[in-house]
Amino acid sequence: MTAPGEHHGIVVGLDPARDWRLPLAWAVDEAGRRRIGLRLVVAVPPRHDTQHVDGTPRSTALHQAASETLSAAAAWSRERHPEVEPVADLVDGFPVPAMGRLSEQARMIVLGSRHLSRTTEFLSAGSLVVPVTAQAQCPVVVVGDAEHGTQQPPYLVVGIDGSESSKAALALAFEEADLRGAKLRAVSVWQAPVFLLHDEEVALQAQRRMLSETTAGWSQKYPDVVLTHEMHIGHPVEELAGAAEHALAVVVGRRGRGGPDAHVRHVGDDGGKPADPRP
């Protein structure tokens, strides 16, 4: 295990029962791009010591599968990026609290998608996305299928609502866009309330002003990133999903106004080329 005070760099959670190559491909590429460490983690939850089909205690079989997965993943990672030396970590405990603890000193957490619909991915009982995101003290990356982006130049989308959470998301979005040579679309969505106290145009002007003020100064810090502002009217989830249809990623605040300033990034493609799981 990691000593107190040691930074984990990028932490990628691996599931021995699922294909871990796609999230690992994204994580090792990101570690190489950022020149930071990579930690491979398999969490083995406690189980009653029942017998496996071959007579081996189930807990022993789970640890053996976890160890084999970590060894294979470490070798695969080195083959893909020899300059990134991964650290393998077998953790006893449930995945969600384990990833939560590791996030305290990680630059980001990377999880694989279960390849479900976006709604099912978030709400299904077996998904780690929501509980890990709720506990994580760093950005959480959910890697989906390696979709071959067709729109050039590549771009990212960041949702802006003026909250501290969305400001943290904006910082990450600029950093990622700069690393990838991508454009950045800052999107603010106005949803008309049931009772509108002021004229709609006044409300829209305030929204545009908030978007401009929130993004002010960032282009000086990242002069190579082309930034555009967009105002949408409608449901925030639907509008952001539409804006990000061909994006490398959409970056959003964890909970919007009033929430903690953590953020989640959902990735379907990587840096202008698919996160090809081949080394």
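Reply: R180 is buried, because its relative accessible area is 12% and the cut-off for buried is under 20%. The model is a predicted one, and the values below are computed from it.

What does the side chain of R180 meet in a salt bridge? The partner is E30, with 2.8 Å from N to O. This pair joins distant parts of the chain, since R180 sits in helix α6 (residues 164-180) and E30 in helix α1, 150 residues apart. E30 is also buried, because its relative accessibility is 0%.

An α-helix has 3.6 residues a turn, so residues three or four places apart point the same way. Is R33 as hidden as a buried residue, or partly exposed? R33 has 23% relative accessibility and therefore counts as partly exposed.

The side chains of E175 and R107 meet in a salt bridge, at 3.6 Å from N to O. This pair, too, links distant parts of the chain: E175 is in helix α6 and R107 in strand β4, 68 residues apart. E175 is partly exposed, with a relative accessible area of 26%. R107 also counts as partly exposed, at 42% relative accessibility.

A network of salt bridges connects E30, R33, R34, R107, E175, E176 and R180. In total, the structure holds 15 salt bridges.

The next step is to see what else α1 does. The largest nonpolar core has 26 residues, and those with the most contacts inside it are I10, V12, L14, L24, L38, L40 and V110. At least two residues of this core come from each of β1 (9-13), α1 (21-34), β2 (38-44), α2 (58-80), β4 (106-112) and β5 (140-143). Which element supplies the largest share of this core? That element is α1, with 7 residues. In soluble globular proteins, nonpolar side chains tend to be buried together.

Leaving aside residues up to four places away in sequence, L24 touches V12, L38, L40, A73, W76 and S77. Another core, of 21 residues, lies apart from the largest one, and I160, L184, A186 and L211 are among its members.

Helix α6 can be followed in the other direction, towards α7. The buried residues of α7 pack against α6, β7 (183-190), α8 (218-221) and β8 (227-233). Which residues of α7 are buried? They are A203, L204, Q207, M210, L211, T214 and T215. Looking down the axis of α7, these buried residues fall within an arc of 115°, so they line one face of the helix. The length of α7 can be checked as well: at 1.5 Å a residue, its 16 residues (200-215) should span 22 Å, and the end C-alpha atoms are 23 Å apart, which agrees. Just after α7, G217 has a positive phi of about 95°.

Strand β8, one of the elements packed against α7, contains H232. H232 counts as buried because its relative accessibility is 18%. Not counting residues up to four places away in sequence, H232 touches V187, S188, V189, W190, E239 and A243. One of these, S188, is 44 residues from H232 in sequence, while the two C-alpha atoms are 6.2 Å apart in space.

Last, the whole chain. Its secondary structure comes to 9 helices and 10 strands. Of its 279 residues, 47% count as buried, R180 being one of the buried residues. Among contacts between residues at least 6 apart in sequence, 76% join residues at least 24 apart.

Terms used
Residues are numbered from 1 along each chain as its sequence is written. This is a predicted model: local features need pLDDT of at least 70, side-chain atom pairs count only at pLDDT 80 or more; totals for chains, interfaces and linings use all residues. Side-chain values use heavy atoms; hydrogens and water are left out. A nonpolar core is a set of buried Ala, Val, Leu, Ile, Met, Phe, Trp, Tyr and Cys residues joined through side-chain atoms within 4.5 Å. Buried means under 20% relative accessible area, exposed over 50%, partly exposed in between (1.4 Å probe, protein chains only). Helices (H or I, at least four residues) and strands (E, at least two) are DSSP runs, numbered from the N terminus. Contact means heavy atoms within 4.5 Å. A salt bridge is a side-chain nitrogen of Lys or Arg within 4 Å of a carboxyl oxygen of Asp or Glu. The expected span of a helix is 1.5 Å times one less than its number of residues. The arc is that of the directions from the helix axis to the C-beta atoms.
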